[in-house]
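Q: I have a model open and want to go through some of its contacts and elements. Can you take my questions as they come?

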Amino acid sequence: MHRCRPPDAVVWPQNVEQVSLLAKACYSRGAPIIPFGTGTGLEGGVSAVQGGVCFNLTQMDQISELNAEDFTVAVEPGVTRKALNSYLRGSGLWFPVDPGADASLCGMAATSASGTNAVRYGTMRQNVLNLQVVLPDGRVLHTAGRSRRPRKSAAGYHLTGLFVGSEGTLGLITQATLRLHGTPEATVAAVCAFPSVQAAVDSTVQVLQTGIPIARIEFLDDVMVAACNRHSGLSYAELPTLFLEFHGTENSVEEQVQATGEIVQSNGGSDFVWSREQEARSQLWAARHNAWYAALALRPGRKGYSTDVCVPISRLPAILLETKKDLLESKLTGPIVGHVGDGNFHCLLIFDPEDPEESRRVAEFTKRLVRRALAMDGTCTGEHGIGLGKRQFLREEVDEVALSTMQQIKAALDPKNLMNPGKVL
């Protein structure tokens, strides 16, 4: 959705010392700095709107300080989530935050990414313990202290939390110390269709209320299920559907599946099918992760724009029904998929960017969707971030005092406004 704006130069630092020296050089000359991990963000976060120097951090790809007994590991920005989990194979540990794309872990910290596992394991905010950050003037900051990795701390301001979600506007993240989790003994995946969106959401709320430690609970509307059936060769009922996953011991997942089955049945759920087999589980989640491509296949040759909002779970049925009605009235193709356990959903809009009328309808729909979420006490973005695309909505979401505080923090850390200028604020 956001056109490429190339930088004036690209540098490939090999270590934090080189990042620091390059940042000092840019700072002394007033050159903008644009951090780049894998470029998988969706709101124009790596676009060099004022030119400057792109810091491509992909060659800083070291994994260090694995402490299996403490469930921690340190990674550089060139390390992706898949690379980390491959490295951890055999250790009995894994890193569960999964935004879909094989993104840079430091980039995921910068955008406060989450994904399908967040309902149980949390987002990047809950899984980052410490950050090494190069500030705009080249100074190196350790947000929780050098080499510190306690599971909790009440010492001073929470600087780590400040930089998680800062989208490259406050500094360059050159190392992240992450919280790891034990690999579950058993995993079961399930799928269930419902007569209505309300029934699917009611089931989700009841599963959470009963304390079932669900690992994933994903919602697909009827249009999205039909697209996945066609794209992935599946035959699910083309109704509002939940994809679920359970983690635990052999006995505990059996109990979780049984309890969840009773809940979905009480809400009119049908075709509750579950499987322990790796192949069946992989097929289910491959279909979910390929939802973007399945949506694009609905209109071959067109482009896609994915936008996300997040609301309190109780407001999810209302906003989903209003959004589907809006899509029909706007004559837009927009399958819906969401992390229903968090109240977060995505609308995958498929359109022709060369058609100014359709592009206008997409832009107007997006504004209505975000303002609908804000009116329901939600947020303009659950996980994509602000970037270029949602700056105006951030101003509508927070009050003047909050916005002013953000601006003061930005000015204190980046007085020359060189770090990823034009983003967020």
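Q: Which residue forms a salt bridge with K324, the closest N and O atoms being 3.0 Å apart?
A: That is D222. Keep in mind that this is a predicted model. The pair links distant parts of the chain, with K324 in helix α12 and D222 in helix α8, 102 residues apart.

Q: Is D222 buried, exposed or partly exposed?
A: Partly exposed, because its relative accessibility is 31% and that class lies between under 20% for buried and over 50% for exposed.

Q: What does the side chain of K324 meet in a salt bridge at 2.9 Å, N to O?
A: The side chain of D221. This pair also links distant parts of the chain: D221 is in the loop between β12 (216-220) and α8 (222-232), 103 residues apart from K324 in α12 (316-330). D221 is buried, at 1% relative accessible area.

Q: How many salt bridges does the count come to?
A: The count is 19. One of them joins the side chains of R276 and E254, at 3.4 Å from N to O. R276 is in the loop between β14 (270-275) and α10 (278-289), whereas E254 is in helix α9 (residues 250-266), and the two are 22 residues apart. R276 counts as partly exposed at 28% relative accessibility, and E254 is partly exposed as well, at 47%.

Q: Which residues are linked in a network of salt bridges?
A: E322, D326, R368 and R372.

Q: Different topic. Where is R120?
A: R120 is in helix α4, residues 118-121. Its relative accessible area is 35%, so R120 is partly exposed.

Q: What does R120 touch, leaving out residues up to four places away in sequence?
A: P213, I214, A215 and H247. The R120 side chain also reaches the backbone oxygen of P213, at 3.1 Å.

Q: How far is the C-alpha atom of R120 from that of E218?
A: They are separated by 12 Å, and the two residues are 98 apart along the chain.

Q: On to α2. Which residues are buried there?
A: R81, L84 and L88 are buried in helix α2, which covers residues 81-88. Seen down the helix axis, the buried residues of α2 fall within an arc of 60°, so they line one face of the helix.

Q: What covers those buried residues?
A: The cover includes β4 (63-67), β5 (72-75), β6 (93-94), α3 (105-110) and β9 (172-179).

Q: Which residue just after α2 takes a positive phi?
A: G90, with a phi of about 95°.

Q: Now the sheet. What is the strand order in the open sheet of three strands?
A: The order is β1-β3-β2, with parallel pairing. β1 (9-11) and β2 (33-36) are the edge strands, each pairing on one side only. Neighbouring strands are turned by 25° against each other on average, direction ignored.

Q: How many bridges join β1 to β3?
A: Three, and the two strands run parallel; β3 covers residues 53-56. V10 stands opposite C54 in β3.

Q: Which helix lies across β1, β2 and β3?
A: Helix α1, residues 16-29, running at about 170° to β3.

Notes. Residues are numbered from 1 along each chain as its sequence is written. This is a predicted model: local features need pLDDT of at least 70, side-chain atom pairs count only at pLDDT 80 or more; totals for chains, interfaces and linings use all residues. Side-chain values use heavy atoms; hydrogens and water are left out. Buried means under 20% relative accessible area, exposed over 50%, partly exposed in between (1.4 Å probe, protein chains only). Helices (H or I, at least four residues) and strands (E, at least two) are DSSP runs, numbered from the N terminus. The arc is that of the directions from the helix axis to the C-beta atoms. Contact means heavy atoms within 4.5 Å. A polar contact is a pair of N or O atoms within 3.5 Å; within protein, one must be able to donate a hydrogen and the other to accept it, and residues adjacent in sequence count only if both atoms are side-chain atoms. A salt bridge is a side-chain nitrogen of Lys or Arg within 4 Å of a carboxyl oxygen of Asp or Glu. Two strands pair if DSSP finds at least two bridges between them. Axes are lines fitted to C-alpha atoms, for helices over the stretch in contact, and angles run from 0 to 180 degrees between N-to-C directions.
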